Amino acid sequence: MPSSKPYFNVEFAPGRFLVYSRFNERDLIHVREYVTMGERTYPSKKGVCFTPGRLSALMSKLAEIDEEREQQRVTAAAAAAAANAEPQQVSYKTHLGAGIYVEVASKFNGVDLRRYWAPKGQLSIVPTKNGLYLPASQWSSLKERLSELLAAHPELSTAEECFHPNQIGFMDCPECLPFGWMLSSLNGLE
């Protein structure tokens, strides 16, 4: 049975950890909820797993995510000030790699990191239970821990997102188009 050796393991919120480890000859970064059973703590299915390339994609989107959160805060405050006004539904969703997306929506004040999948016979993708909703305070704490992770392991800063020399390589990439090009274009996820 393969084992995992953690290089970095820090709790960023009660029961939620940022873990960098090597498993099956692959470097993986987990943002995951842990559960305690008896005297031991175990990772749960609630969370997401990043490769160094996916982490790089997330890091490159941090400013966009924070800008969207701020825009939604301002929009919500304006809607509250005009008591009769219907709040605008502002939503931001971006693909980080494989089936993992990050979403900021006006229905919650935080960030949702989640894996999506395409049910057989359907033309749309749906969220799975594998993911985490991070309230504003936990999102801020995670960003601080991500900075600590990159300072402790600078090799992760040089990881590159997927690159394809041509369109055929992009169309066949399970990292960039995990649900295929047709499903991605129908859902506006390109």
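**Notebook: salt bridges in a predicted model**

I looked up glutamate 144 and noted a relative accessibility of 46%, which counts as partly exposed. The model is a predicted one, and I kept that in mind for each entry below.

I next asked which residue pairs with glutamate 144 in a salt bridge. The partner is arginine 145, with 3.5 Å between the closest N and O atoms. I checked the accessibility of arginine 145 as well and found a relative accessible area of 19%, so this residue is buried, the cut-off being under 20%.

I then examined glutamate 148, which also forms a salt bridge with arginine 145; here the closest N and O atoms are 3.3 Å apart. I recorded glutamate 148 as partly exposed, at a relative accessible area of 37%.

I turned to aspartate 112 and arginine 114, whose side chains form a salt bridge with an N to O distance of 2.9 Å. Are these residues buried or exposed? Aspartate 112 has a relative accessibility of 8% and counts as buried. Arginine 114, at 14%, counts as buried too.

Finally, I recorded how many salt bridges a search of the whole structure finds: the count is seven.

Notes
Residues numbered from 1 in each chain as written. Predicted model: local features only at pLDDT ≥ 70, side-chain atom pairs only at ≥ 80, totals over all residues. Heavy atoms only, no water. Salt bridge = Lys/Arg side-chain N within 4 Å of Asp/Glu carboxyl O. Buried < 20%, exposed > 50% of the residue type's maximum accessible area, 1.4 Å probe, protein only.
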